[in-house]
Amino acid sequence: MSRNVLYCREFPNSKLKMSHECPVCGKKNVSGSKLAAHLRTHTGEKPFECAVCNKKFSEVGHLRTHFRTHTGEKPFECAVCYTKFSEGGHLRTHLRTHTGEKPFECTVCNKKFSLGGHLRTHLRTHTGEKPFECTVCNKKFSQSGNLRKHILIHTGERPFECTVCNKKFSNGSNLRRHLRTHTGEKPFECTLCNKKFSRGGHLRMHLRTHTEER
């Protein structure tokens with residue numbers, strides 16, 4: 001056990017109550033229960049245990065939030081569309097879909113995002129980082145969702161089924177493209193002659209007839 005953790009555990013409670021500074025890392029302006037909670041980040045102590053699944057937490061607030069996964073309680077409601085959430089943070093994030101706020105900005109190209117996670121994913125287009133690796137063929141991906149889709153190639157699983165003809169597909173985009181054969185939808189339109197196509201690839205091939213590219 002580290003010297004800091006020992007010191008943290010042995011620090012007299014009377015002094016902790018009077019202190020506004022963490023004796024381990026020197027963080028200031030923390031006192032009382034907030035200091036006690038902060039000290040657990042050093043000790044790793046998790047005294048608050050869920051009575052349902054026995055998962056432990058360092059703060060009682062985290063336990064209360066977790067407990068809603070068992071009760072299904074969603075006390076935070078959107079005033080615009082009335083969607084409910086179990087956490088206040090999730091509601092604040094959701095509200096950006098109404099306000100259009102995008103507080104997370106890429107320092108490379110200045111593109112903005114509503115979620116920090118989306119910015120982190122986007123940054124990989126600049127860094128080339130691919131942290132998600134297939135355990136079968138070692139191919140790497142920048143997004144976990146792309147890895148999940150790729151794994152279906154190895155498993156042969158086709159979880160996306162057409163409700164019209166029951167044909168199955170390994171990913172949702174292939175199913176959506178297939179559904180157009182039933183609906184007749186042609187969302188890809190040529191800006192030169194207004195001819196429409198069900199697939200983007202077909203539109204690109206058609207455009208060559210205008211550019212005389214063969």
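Predicted model: local features only at pLDDT ≥ 70, side-chain atom pairs only at ≥ 80, totals over all residues.

Reply: Residues are numbered from 1 along each chain as its sequence is written, and side-chain values use heavy atoms, with hydrogens and water left out.

Me: How many salt bridges does the structure hold?

Reply: A salt bridge is a side-chain nitrogen of Lys or Arg within 4 Å of a carboxyl oxygen of Asp or Glu. The structure holds four. Among them, E73 pairs with R68, the closest N and O atoms being 3.9 Å apart.

Me: Is R68 buried or exposed?

Reply: Buried means under 20% relative accessible area, exposed over 50%, and partly exposed in between (1.4 Å probe, protein chains only). R68 is buried because its relative accessible area is 17%, whereas E73 is partly exposed at 43%.

Me: Which residue forms a salt bridge with E129?

Reply: The partner of E129 is R124, with 3.9 Å between the closest N and O atoms. R124 has a relative accessible area of 17%, so R124 is buried; E129, at 42%, is partly exposed.

Me: Where is R158 placed?

Reply: Helices (H or I, at least four residues) and strands (E, at least two) are DSSP runs, numbered from the N terminus. R158 lies in the loop between helix 7 (144-155) and strand 9 (160-161). R158 counts as exposed because its relative accessibility is 53%.
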